[in-house]
Amino acid sequence: MKNQKGVTLTTLTIYIIVATILLGTLTFININFMSELGELTKKSKMTNEIMKFYSFFASDVKNAERVLEFSENYVKFDNGVQYSIRYSADEKKETGQEYDVYEVYRGNALVTDKLSGVFFKYNIENECINVRVYSKDGNVTKSDEQYFKVGRGY
């Protein structure tokens, strides 16, 4: 008989097993990549909210000459700009919110409602405003603290 060069049942089975292993590996890598991408998107949204607040606040602090009124959740500058923090967890519980939610208002305009805490502290001697921002990432609460000198002087 002649030497037949075809695909035998054994080689076909090996090809199918190898292809299945490769396809499974690629699927596993793809699923992990997409889940990490989803986590990164969530983190970037929170960072975006914090940076949006800081950009508004820094601009207003630099355009003011002094602070007229202040408390832990309220700051009013001499140029008429005021920031107020409102606790709104009761409103968010209807949507399944599991942590405290604070809304930051610039005048009557909502700047953000995604933060777990925002608190002001004003040092009269140095004319510096300390802003503490808390955000929730899963079960971990992250904090950020920034100091802003009122006015154009550094």
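Tyr-54 counts as buried, since its relative accessibility is 8%, where buried means under 20% relative accessible area, exposed over 50% and partly exposed in between, with a 1.4 Å probe and protein chains only. Phe-53 is buried too, at 0% relative accessibility. What you see here is a predicted model, in which local features need pLDDT of at least 70, side-chain atom pairs count only at pLDDT 80 or more, and totals for chains, interfaces and linings use all residues. Residues are numbered from 1 along each chain as its sequence is written, and side-chain values use heavy atoms, with hydrogens and water left out.

**Aromatic pairs**

The whole structure holds twelve aromatic pairs. Rings of Phe, Tyr and Trp (its six-membered ring) pair if their centres lie within 6.5 Å; planes under 30 degrees apart are stacked, over 60 edge-to-face and the rest tilted. Two of the pairs are set out here.

| Pair | Centre to centre | Angle between planes | Type |
|---|---|---|---|
| Phe-53 and Tyr-54 | 5.7 Å | 35° | tilted |
| Tyr-102 and Phe-119 | 5.8 Å | 65° | edge-to-face |

Helices (H or I, at least four residues) and strands (E, at least two) are DSSP runs, numbered from the N terminus. Tyr-102 is buried, with a relative accessible area of 15%.

Which residues do ring pairs link into a cluster? They are Phe-53, Tyr-54, Phe-57, Phe-77, Tyr-83, Phe-120 and Phe-148. Elsewhere, the ring of Tyr-105 has the charged end of Arg-86 over it, 3.9 Å from the ring centre; for this, NZ of Lys or CZ of Arg must be within 6 Å of the centre and within 35 degrees of the ring normal.

**Strand 6 and its partner**

Five of the seven residues of strand 6 (residues 117-123) are buried, so the strand is mostly covered. Strand 6 runs antiparallel to strand 7 (residues 128-137), and seven bridges join them; two strands pair if DSSP finds at least two bridges between them. Val-118 faces Val-133 of strand 7 as its opposite residue. Four residues lie between the strands of this hairpin, where Glu-127 takes a positive phi near 55°.

**The whole chain**

Two helices and eight strands make up the secondary structure, in the order α-β-β-β-α-β-β-β-β-β along the sequence. Of the 154 residues, 29% count as buried.
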